[in-house]
Amino acid sequence: MCCKRPIRTLTVVCFLVSASYAFGQTSTDRELPLVWVLSTGGTIAGQGASSTSLTEYKPGLLGEQLVSGVPEIKKVARVKVEQIANISSTDITIAHWITLANRINTIFSEDPDVKGVVVTHGTSTLEETAYFLNLTVKHDRPVIMVGAMRPATAISADGPLNLLNAIRTAVSPEARGKGVLVVLNDEINGARDVSKTNTYRVSTFRAG
């Protein structure tokens with residue numbers, strides 16, 4: 001990847017506010033930036049039996065449903081969605097990694113108007129996928145990995161805000177050239193350093 005600069009942890013205040021200011025309202029005099037969302041399943045797409053089922057759930061929602069469920073995204077970017085898989089991240093294989101890397105490289109090569117790519121992913125192997133993409137994506141435009149610690153059907157689901165913040169990050173000029181970034185819980189971490197530190201807490205992803 002070109003022009004990668006190390007990034008550890010940034011708060012959403014210093015990084016996402018500028019993107020929110022620039023793209024937070026629908027513009028009548030210019031077109032919103034274009035972002036691709038590649039969906040793979042995981043907790044962010046999880047469906048439980050009830051709104052209080054925080055551990056018993058299965059991936060079910062499609063990427064289109066995740067995006068349409070956050071209407072605020074329409075104020076930030078134009079979004080194209082592609083479903084790569086719809087599985088738990090414990091079932092992600094090297095074949096999925098290669099598919100993602102090839103698809104992201106193709107998107108960036110074929111469309112110079114794309115500002116960034118967001119990958120929705122389960123958290124169990126999110127750091128491994130992020131690291132692999134950090135090594136294999138050959139462009140300096142942002143690739144943002146995003147997930148959730150609570151399923152989409154939970155009363156306190158964290159996925160919708162995480163997804164909105166991921167797209168805000170993808171269209172931010174400051175995200176360019178920093179490699180693959182992981183966005184959860186109002187924090188941005190670099191794929192090179194980030195790891196999951198807790199099975200249940202929404203503040204699980206940290207860069208040591």
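**A chat about a predicted fold**

Trainee: Hi! How are α3 and α4 placed relative to each other?

Mentor: Hi! In this predicted model, α3 and α4 are oblique to each other.

Trainee: Why oblique?

Mentor: Helix α3 (residues 94-110) and helix α4 (residues 126-136) pack at an angle of about 45°. Angles under 35 degrees count as roughly parallel and 65 to 115 as roughly perpendicular, so α3 and α4 end up as oblique.

Trainee: How far apart are the axes of α3 and α4?

Mentor: The axes of α3 and α4 are 10 Å apart. Angle and distance go together here, because two packed helices are described by the angle between their axes and the distance between the axes.

Trainee: Is the crossing of α3 and α4 left-handed or right-handed?

Mentor: That crossing is right-handed.

Trainee: And which residues make the contact?

Mentor: From α3 you have Trp-97, Ile-98, Leu-100, Ala-101, Ile-104 and Asn-105. On the α4 side, look for Glu-128, Thr-129, Phe-132, Leu-133 and Thr-136. Sorted by class, the contact has seven nonpolar, three polar and one charged residues.

Trainee: Let's stay with α4 for a moment. Which of its residues are buried?

Mentor: The buried ones in α4 are Leu-126, Thr-129, Ala-130, Phe-132, Leu-133 and Asn-134.

Trainee: What do the buried residues of α4 pack against?

Mentor: They pack against α3, and also against the strands β7 (143-146), β8 (180-184) and β11 (205-207).

Trainee: New topic! What does the secondary structure of the protein come to?

Mentor: There are five helices and eleven strands. Of the 208 residues, 49% are buried.

Trainee: Okay, let's pick a strand residue. Where is Thr-120?

Mentor: Thr-120 sits in strand β6, which covers residues 114-120.

Trainee: Is Thr-120 buried or exposed?

Mentor: The relative accessible area of Thr-120 is 0%. Buried means under 20%, so Thr-120 is buried.

Trainee: What does the side chain of Thr-120 make a polar contact with?

Mentor: Its partner is the side chain of Ser-39, at 3.1 Å. Ser-39 belongs to strand β2 (residues 34-41), and Ser-39 counts as buried because its relative accessibility is 0%.

Trainee: What else does Ser-39 touch?

Mentor: Not counting residues up to four places away in sequence, the list for Ser-39 includes Leu-62, Gly-63, Leu-66, Glu-82 and Ile-84. Leaving aside neighbours within four places, Thr-120 is in contact with several residues, among them Leu-66, Val-146 and Leu-163.

Trainee: Now a helix residue. Which helix holds Ile-167?

Mentor: Ile-167 is in helix α5 (residues 159-170). With 0% relative accessibility, Ile-167 counts as buried.

Trainee: What does Ile-167 touch?

Mentor: Skipping residues up to four places away in sequence, Ile-167 touches Val-35, Val-37, Ile-73, Val-76, Ala-77, Val-79 and Val-118.

Trainee: How many residues apart in sequence are Ala-45 and Pro-151?

Mentor: Those two are 106 residues apart in sequence, and 6.4 Å apart in space from C-alpha to C-alpha. Ala-45 lies in the loop between β2 and β3 (46-48), and Ala-45 counts as buried at 0% relative accessibility.

Trainee: Last one: among contacts between residues at least 6 apart in sequence, what share join residues at least 24 apart?

Mentor: In this protein, 74% of those contacts do.

Notes
Residues numbered from 1 in each chain as written. Predicted model: local features only at pLDDT ≥ 70, side-chain atom pairs only at ≥ 80, totals over all residues. Heavy atoms only, no water. Helix = DSSP H or I, 4+ residues; strand = E, 2+ residues; numbered from the N terminus. Buried < 20%, exposed > 50% of the residue type's maximum accessible area, 1.4 Å probe, protein only. Polar contact = N/O pair within 3.5 Å; in protein donor to acceptor, adjacent residues only side chain to side chain. Contact = heavy atoms within 4.5 Å. Axes fitted to C-alpha atoms, helices over the stretch in contact; angles between N-to-C directions. Parallel < 35°, antiparallel > 145°, perpendicular 65-115°, else oblique. Left-handed = near helix turned anticlockwise from the far one by under 90°. Nonpolar A, V, L, I, M, F, W, Y, C, P; charged D, E, K, R; others polar.
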